[in-house]
Amino acid sequence: MDLCCWRILPMAESGETDSAPRNELGRKRQTSLLPQRLRRSLLCLQCAKCSGLCPAARVNPDFNPRSIVLSLLDNTWTSLLSADSPIWACCVCLSCDEFCPQDVKPHEVVAWLRNEAFRKDSAPQSITRLVGTVRSSGASVAFGRGLQRRRENLGLPEFSPTKPPDELFSGNEP
Amino acid sequence: MSEFLLYTGCLIPARFPQAESSARFILNALKADVADAKGLSCCPDPVMFRSASEDDWLTIATANLAKAATQGKKLLTICSGCYETFVDACFRLEDADVRAEVNKRLAKAGLRYDGGIEVVHFARFLEQNIDAVKERIKGEVLLRAALFYGCHILKPSSLMKPDSLRFPRFLHPVAEVCGVELVEWDGSRCCGMGSAEADVGKALSDAVVSAAEEAGADALIVVCPFCFAGLEGVGRLPVLFLQQVVAAAMGAPKDVVGLALHRVKTEIEVREHVSA
C-alpha cells in the first residue's frame, strides 16, 4: 500500500541531508527505512521548540515531541508502540508542525507511530472502538431514540448517517 | 446542483443538535442556495480515526468528497474536525500519485474522485457573508465573551490561511456585528480534546476557561463541537456556538437556539433594535 507516500528510499538518493552517519549527539542515525513523509526528521536539530510549544507536554511530561523524533533517528521507536505509550497524549493541535524551524513535522511522526501501534493491535481501546463504530454505523458516536426526540424538538430531521463502503477499509493486515 | 452542500458530521447532530438547528436557521434567513449532503458517512475525524490508519482515513474522506462533488459546488461543514479532514484530504489529493492510488481503492466501491469541490467552514461562511448577516440582525446580543478559535480552523496555516496564528481576529466581526463585546485574550489555545488521555484534555480545557475568566469574559464562544465538549465540561463558564449567537441576534426562537440543552445554563439576552 503506497497511499500516504510510503516510499522507502535510501537517504543517499535524496541529497537533502548531510552524509554524516552520526548526529551531533553522537547517536547513529536511522537512515534507510524511514517512510518518505518522515524523511525530514533527519534534519531535526533537537532544538526542542516543538516540546516548548506543546500543550500536551505541559500537562504530561512523559510526552515530548523532541524525544519522539529522536526515537526515529536512533531507531528506538518500536518501544513506543503500546497502548500506554506517551504517543497517545498528543492533542493533534499541530503547533509542532507549524513552528518547527526545520519543517520536520513532529506530529506526522506521532501519527505514523500511532498507525504502527494500531497495526500491531497495540492502540488504546478507545481508538479501536471508534473505528468499529464508524464502520458499523457511519457515525463516530453512538446515538439513540432520545436523540431523535431532542432533534424533533429543535425542528430537525432524523439523524441517519450512511455507513462507509466496507470495501474501503484495509482491515488490520501487516 | 446547489451551490452549498450542508454536511453536519456526527458529533453535532448526535450531541449538540442546537448547533445544527442554529446553522440551519441562519442559512434559511440568508436564503442561501443550500441542500443537505446525502449518502455521506463520518468524515472520518482527523485525530482519533486518523491515528488508527491514515490510509483508511484518506480513502473514506475521499469517498465522501466524491459523493459530495456530484451534489454541490461547496461542502459546508459546521465542525472543525470535518473541516480539517476534508481540507487536508483535498490537499493530499492534489498529488497525482496519491489520487491515483486512492481512486484505485475507491473503484472497489464504484466511486471516483476528480476534484471539483471546495470545502467551507460555516464560521468562515458567516465571515465571508458578513454584510448579508448584518442586514438580518434584529437586535443586540448583550454579552461579554471570549471568542475561542481552537486549532483546526487555524492549522495547518498553509491550508487554513488565518490572519494570525497566535491572535486570530478573522471571526471577530461575526460576533461583533451581533453586538457581542469580545475580550482581548489568546483565543488560539488548544482545548485538549484531541488527546487520547482524558487528564490531558481536562487540564488544557481548564486552562482555557481560566484564561477566559481572567480576561473578564462571562461566556466562551466556539466554532467546534470538540472545543464545546471540553470547555463546557469544565463547568465554570457557559459555552455557546458562534451560530447560536448569530441566530439569536437574527431573532431565532428559543427552541431553535436550544440553550435548554446546555449543561452550564445560560440565556442570550437580545435588545431589539428600535426601528426608526
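**Two chains, questioned**

Modeller: In this predicted model, Ser2(B) sits opposite Gly72(B), a residue of strand 3 of chain B.

Colleague: What makes strand 1 and strand 3 of chain B a pair?

Modeller: Two strands pair if DSSP finds at least two bridges between them. Strand 1 (residues 2-7) and strand 3 (residues 72-77) of chain B are joined by five bridges. Five meets the cut-off of at least two, so they count as paired. The two strands run parallel.

Colleague: What holds paired strands together in general?

Modeller: Strands of a sheet pair through backbone hydrogen bonds.

Colleague: In what order do the four strands of the open sheet in chain B stand?

Modeller: The order is 2-1-3-4, with parallel pairing. Strand 2 (34-36) and strand 4 (118-121) of chain B each have a single partner strand, so they stand at the edges and one side of each lacks a neighbour in the sheet. From one strand to the next, the twist averages 35 degrees.

Colleague: How many helices and strands does chain B have?

Modeller: Chain B has 14 helices and ten strands.

Colleague: Why is chain B called as compact as a globular protein of its length?

Modeller: Set the value against the rule. For 276 residues the globule rule gives 19 Å. The radius of gyration of chain B is 19 Å, close to that value, so chain B is as compact as a globular protein of that length. Its C-alpha atoms fill a box of roughly 60 × 45 × 30 Å along the principal axes.

Colleague: What makes a residue buried, and what percentage of chain B is buried?

Modeller: A residue is buried if 20 or more other C-beta atoms lie within 10 Å of its own. In chain B, 56% of the 276 residues pass that test. In chain A, buried residues are 36% of 174.

Colleague: What share of the contacts in chain B joins residues at least 24 apart?

Modeller: That share is 77%, among contacts between residues at least 6 apart in sequence. For chain A, residues 24 or more positions apart give 64% of the contacts with a separation of 6 or more.

Colleague: How do you know what pattern chain A follows?

Modeller: Read along its sequence. The pattern is α-α-α-α-α-α-α-α. Chain A has eight helices and zero strands.

Colleague: How are the chains divided into domains?

Modeller: Chain A has domain 1 (22-119) and domain 2 (125-166). Their C-alpha centres lie 34 Å apart. Chain B has domain 1 (2-122) and domain 2 (136-272). Their centres, over C-alpha atoms, are separated by 23 Å. The contact between these domains of chain B takes 25 residues from domain 1 and 23 residues from domain 2. Helix 2 of chain B gives the most to the domain 1 side, with nine residues.

Colleague: How do you know that residues of chain B and chain A are in contact?

Modeller: Contact requires C-beta atoms within 7 Å. By that test, 54 residues of chain B are in contact with 50 residues of chain A. Helix 4 of chain B gives the most to the chain B side, with seven residues. That side divides into 28 nonpolar, twelve polar and 14 charged residues.

Terms used:
Residues numbered from 1 in each chain as written. Chains lettered and ligands numbered in written order. Predicted model: local features only at pLDDT ≥ 70, side-chain atom pairs only at ≥ 80, totals over all residues. Rg over C-alpha atoms; globule rule 2.2 N^0.38 Å. Buried ≥ 20, exposed ≤ 12 C-beta atoms within 10 Å, placed from the backbone. Contact = placed C-beta atoms within 7 Å. Axes fitted to C-alpha atoms, helices over the stretch in contact; angles between N-to-C directions. Domains from an automatic or database assignment. Nonpolar A, V, L, I, M, F, W, Y, C, P; charged D, E, K, R; others polar.
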